[in-house]
Amino acid sequence: MIYAIFAPLIFALFVPLLSRIKDKIHTGIFVFFIPLIIFICFASHIGRNFQPIRETVNWIPSMGINFDFYLDGLSLLFVLLISGIGALVVLYSVFYLNKSEKLGSFYVYLLMFMAAMLGVVLSDNVFVLYTFWELTSISSFLLIGYWNFKERSRYGAQKSMLITVFGGLSMLGGFILLTLVTGTTSIQEMIAQVDSILNSDYLLLILLLILLGAFTKSAQFPFHIWLPDAMEAPTPVSAYLHSATMVKAGIFLVARFSPIFATYEWFFIIVSLVGIVTMSWGAYMAVRQTDLKAILAFSTISQLGMIMAMLGFGTEAAAFAAVFHILNHATFKGSLFMVTGIIDHETGTRDIRKLGGLMTFMPMTATLALFGTFSMAGVPLPFLNGFYSKELFFGAAADLEGIDLLSQAIPYLAVLASIFTFVYSMYYFFGVFTGSNHVDKLPKKPHEAPIGMLISPIILILGVILIGIFPDMVNAPFLLHAAEAVNSGAEFASIHYWHGWDSTPFIMSLIVVAIGTLLFLTRKKWTLVYNVLPGKLSLNKAYDWLIDKVDSYSEAITNTYMTGSLKTYMALILGAMFVVTTAIMIITGGFTISFADTADLSSLEISVVIIIIIGAVATLFTKNNLAAILVVGIVGYGVSMLFAIYRAPDIALTQLVIETVSIALFLLCFYHLPKMEKRAESARTISLNLIISVGFGAMMTLIGISAHSTNWFDSISDYFLETSYKLGGGDNVVNVILVDMRGLDTLFEITVLGIAALAVFGLIKMTKNKEAK
């Protein structure tokens, strides 16, 4: 499994090289085989006898953070969607994206996102899951903002990033609390401790934090506002991220943790309520849109709300219906996004007001749209997979037990939302492909798309039809395993088209079709209702206002201390360190002074310390640059002498070398600087400087004495002495500590030096370029 996750990332390293020959061979052709191979490998697991598979690769075992992967029915469903839809999207992009585009960047971002999504659905460790979760946010930000020359693309990318990262951080808080409650980072082990979680005092807080992550990622109300703006991305991105993968990450999260929370009353209330409200609002708002991708965006919001609501029901039937609709939604919605891309590509517009009568010019595209929209609408025809999962949804909603208001209202809200789903589906198809055409007003003369662009949507529509005709083909060998991962009580049940006229779900479907048809035919007469609801109210306006205020207030606060004065910055930094450190030391009783176990002082050590003090004080009164550097050197060399006196020759030599090099560098630099001059400072400034310097110095002195005087923790020196050779293979303990024990510390120090060297190199190059001019 780890190879499947990291294969896209490794291949992404070579994409920039392959993109250099894009004029001869489209870069997407090379990329296409990566998701295809992953799909074929994981498809071999489909079967009635499939059993979950575990795999562990050590990462940070000391902290319980490893690459723990778990493949069960649920993760298998998502892996096949991620890789299968991914392969079709890449194939589609070969014909959609012009070779003049920055194909290297596009496919690097796409592969990065693919790897992140695979990591999310396969991870069993909550912190590894979170790592991949945030990587999906970063990579989707890059994909949404791919056309960064467009202001709306940048706006949509930023909005998606802010909202989903906010949810991700909330989710991390929930994971930390879960880990503290259960003592494990494994999701499967957490599920095994469901009783201790349900009895925890933090249960509601854990649930809310995790659901915030799921709701923001899956565009649930009121966090749905990022999804329509994300449609500024290229159509292949929309078809991939916003129909089958990224937006379903939140769905996956709720499904994965359902075995823990399903019996908790607040889980049903929150998830079902948010899901059904999202479904209703998304369907209602979709009818209002005029951009084809905006219609599909709100359609996706609505469909995700429907799946979320089913997961909230917590019943065996609802669990199966949810995973069935996850599959069905990916097929018809993915194809419709591609159809929209074809329409935009061949006509030059996505504005439904300018379109119409395209069936004559684009018969193949119209046929694909017919099956896709009618399946999305849940039209009761036996060859449309969307109808089956919609009917299962109606059945699960109607069978909810309880006398509370929410349980009684859900079936009615489900029908209401489905009516608007029917309306926007018909609005999409008939508004584009029937009626009078406006060819003379279109930017391009419409014609059928090339066969290469049609292959991917054709395959998806074939999936719609085949699943509709043979629904049990994917039931027992595939979907049942996914449903069992959500609800262990799920059982095999054959799916039938006809259940009789008295079947409640079928009656609900007929009501949807009847009222939906009436509303569609009279759409122009009742759409004025949008002037009332939402009217002038807009969550987007609230988001824009909030972002604007955060920017303005942040700028105002920053300007109060970012004055351009280095002296002010140092005063603030040292002052803040003094206040915070001193407060914490006082609160925790950290200041302790003890002279036990100290070495005897001789006249030699006292003399050296006096010289160091004189050197330090003398720097305050020295007015000559070179003299000041030499006096500071006295302090450094004095410290070296103390190291030598206390039998630390290696540290003394290190100090000598550093001090010598530092003085040499200072001498070179100060030679070119203006001479030091005494500045006239106000009494207030002098007093403040005196307080900060004396206070900070006294604080550091007390901390040093307290560190020696206290014994809060066992000394680590014995550990170093015992393990330096065994772990580091070195006889010199100090070297082992620096290179092995503090390896990361040393690495970052080298990194800082490297960055500084690059900065110096850049400055030198800039100077040379100016001199050349």
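The following dialogue examines how several terms apply to this predicted model.

Trainee: Why is Thr235 called buried?

Mentor: Thr235 has a relative accessibility of 1%, and buried means under 20%, so Thr235 counts as buried. Thr235 belongs to helix α12 (residues 235-241).

Trainee: What makes the pairing of the Thr235 and Tyr96 side chains a polar contact?

Mentor: The two side chains are 3.2 Å apart.

Trainee: Why is Ile25 called partly exposed?

Mentor: Its relative accessible area is 35%. Because buried means under 20% and exposed means over 50%, a value in between is called partly exposed. Ile25 lies in the loop between α2 (15-18) and α3 (27-43), and is one of the residues of a nonpolar surface patch that also includes Ile21 and Phe33.

Trainee: How do you know that Lys159 and Asp229 form a salt bridge?

Mentor: Their closest N and O atoms are 2.7 Å apart. The limit is 4 Å, so the pair qualifies. Lys159 lies in helix α7 (residues 151-182) and Asp229 in helix α11 (residues 226-229), so the pair ties together parts that are 70 residues apart in sequence.

Conventions. Residues numbered from 1 in each chain as written. Predicted model: local features only at pLDDT ≥ 70, side-chain atom pairs only at ≥ 80, totals over all residues. Heavy atoms only, no water. Helix = DSSP H or I, 4+ residues; strand = E, 2+ residues; numbered from the N terminus. Buried < 20%, exposed > 50% of the residue type's maximum accessible area, 1.4 Å probe, protein only. Polar contact = N/O pair within 3.5 Å; in protein donor to acceptor, adjacent residues only side chain to side chain. Patch = residues over 30% accessible without salt bridge, like charges linked within 9 Å, V, L, I, M, F, W, Y side chains within 5 Å. Areas by Shrake-Rupley, 256 points an atom, 1.4 Å probe, with all protein chains shown as cover. Salt bridge = Lys/Arg side-chain N within 4 Å of Asp/Glu carboxyl O.
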